[in-house]
Amino acid sequence: ETIYERTPQKIDLGEISYGKEVRRFGQILSTGFDAQVNERANQNRIIKGRMKYNYATLAVLPNFEPIDYSLEIDGAVRNIQAMLVAVANAPSYGGGMKLCPMANRSDGFLDVMILHPVTKLELLKVFPRVFTGSHVSHPAVEFLRVRKIEISAKTCAYADGERIGALPISVSVTPFALTTWVNST
């Protein structure tokens, strides 16, 4: 089957509001550890490809500490410490990392993954499991389904690999915002 033989589908998009800016994303917005790794990798002009991210992970990890987050989830406020908070419209990003395997781009919801504080050694153990999606059973991993989340913390955000900037941000779902000819999950 070619793309031209497929029936077009409408999919949701995530919408990010920060300051006076509004941007949309199709896959995953991340904050915390993985956003800081992305930030570090983007500063590296020498190493290319996946090795750039492996190097950045090792560079960020020694000084990384859990982050104090204030989350407003569909109107309810929650203050937590976490290694990262990610907001997913789709199951995977970053070359196949299945961060939120249950996410669906046409269900009218965003899936939030919270990695609660773990030791650095445990983070190194858990991280590779995102490539298979088996991290979902780890006791420090929490999932939520939301329509809107506001995230405040002293860290930055990336969406679909692009720098959004410093928090705070507001993220909501825009149902059926894009017509596509690819699989909707």
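A residue is called partly exposed when its relative accessible area lies between the buried class, under 20%, and the exposed class, over 50%. The model on display is predicted, and the tour begins close to the start of its sequence.

**First selection: T2.** Select T2, in the segment before strand 1 (9-18). Its relative accessible area is 40%, so T2 is partly exposed.

W181 is found in the segment after strand 12 (169-180). With 39% relative accessibility, W181 counts as partly exposed.

To see which elements give two or more residues to the lining, colour strand 3 (28-32), helix 1 (33-43), helix 2 (50-60), strand 7 (110-115), helix 3 (120-126) and strand 10 (156-159). Helix 2 gives the most, with five residues. Sorted by class, the lining has 21 nonpolar, nine polar and three charged residues.

Side chains of opposite charge can pair when their charged atoms come close. The model has seven salt bridges, several of which can be visited in turn.

- Select R24 and E15, which form a salt bridge whose closest N and O atoms are 3.2 Å apart. R24 counts as partly exposed, at 46% relative accessibility.
- Move to E39 and R163, another salt bridge, where the closest N and O atoms are 2.8 Å apart. Because E39 lies in helix 1 and R163 in strand 11 (residues 162-166), this pair ties together parts that are 124 residues apart in sequence. R163 has a relative accessible area of 41% and is partly exposed.
- Next, select K120 and E65, whose side chains meet in a salt bridge (3.6 Å, N to O). The pair links distant parts of the chain, with K120 in helix 3 and E65 in the loop between helix 2 and strand 4 (67-73), 55 residues apart. K120 counts as partly exposed, at 28% relative accessibility.

Technical notes
Residues numbered from 1 in each chain as written. Predicted model: local features only at pLDDT ≥ 70, side-chain atom pairs only at ≥ 80, totals over all residues. Heavy atoms only, no water. Helix = DSSP H or I, 4+ residues; strand = E, 2+ residues; numbered from the N terminus. Buried < 20%, exposed > 50% of the residue type's maximum accessible area, 1.4 Å probe, protein only. Nonpolar A, V, L, I, M, F, W, Y, C, P; charged D, E, K, R; others polar. Salt bridge = Lys/Arg side-chain N within 4 Å of Asp/Glu carboxyl O.
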